Amino acid sequence: MTYSLIDIGANLAHDSFDDDRDEVMRRAADAGVTRIIVTGSSDDSNTQAAALAESSNGTLFSTAGVHPHHASDYTDNSDALIRDLVSKDVVVAVGECGLDYFRNLSPREAQLDAFGRQLEIAKETGLPVFLHQRDAHDDFVEILEPALPEISRAVAHCFTGEHESLREYLALGLYIGVTGWICDERRGKHLHDIVSIVPDDKLLIETDAPYLMPRTLRPKPKTRRNEPAYLMEVLRVVAEARGQSIDHVAQMTTENAVRFFSLPPSE
Ligand SMILES: [Zn+2]
């Protein structure tokens, strides 16, 4: 059985892919990953991700946003660039954006400001929003919740939180993006235990490549660089944790991604 999986978050503009991006994309296609949403997270990566998507003949799409780590670089030009890029058909979401108090690479004030401005763009354009949150749950919900009625769809990408925050996100109507974090037998164990409470129609899968190599992959890859071809392993572990068949999870996560990003029906 071959699948048409969609990796909803891969940082393919990352320079670790500069030498072999075409091979990475071919391996993804061979592994049944037929479409990839390339994450934009800074001015530069937003431009690169959109350019990759535009030259890809329908296999790549992109997002445009500024990651909380880069929030102190969020200028009026960043804002204008996102607005310009999201007018393209291949740029299908605003983000990634949100709050990250785990590393605090940008001051919190800057993070709050950049997050709020990007939610405004999502409201004005009707595009879905691709969200990042780490160790900032309360502030995140406080900003997001009042904006949600005017936002079409929102995904908590790379969800790694606990049961309580998952329940709260689901109550807010968020989609949940699950990465290879769930394949980590130590820090991902709680996620393995709770992923079954995500309703079928809210579940999305992603690699977050080049980060978060699934630790359950056998044979173990020689490199630490994750890539979209390994999405199948995330799918396998998610299906096992939910007590569902791989076929079922493959089909519904693809349907969800098509609906979430308003992608053209698959060829
Ligand atoms: Zn992220």
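Modeller: Let us begin with D184, which counts as buried because its relative accessibility is 7% and buried means under 20% relative accessible area, exposed over 50% and partly exposed in between (1.4 Å probe, protein chains only). This is a predicted model, in which local features need pLDDT of at least 70, side-chain atom pairs count only at pLDDT 80 or more, and totals for chains, interfaces and linings use all residues. Residues are numbered from 1 along each chain as its sequence is written, and side-chain values use heavy atoms, with hydrogens and water left out.

Biologist: Why is R186 called exposed?

Modeller: The relative accessible area of R186 is 56%, and the term exposed requires over 50%, so R186 is exposed.

Biologist: What makes the contact of D184 and R186 a salt bridge?

Modeller: A salt bridge is a side-chain nitrogen of Lys or Arg within 4 Å of a carboxyl oxygen of Asp or Glu. For D184 and R186 the N to O distance is 3.8 Å, so the pair meets the definition.

Biologist: Why is E240 called partly exposed?

Modeller: E240 has a relative accessible area of 48%, which is again between the limits, so E240 is partly exposed as well.
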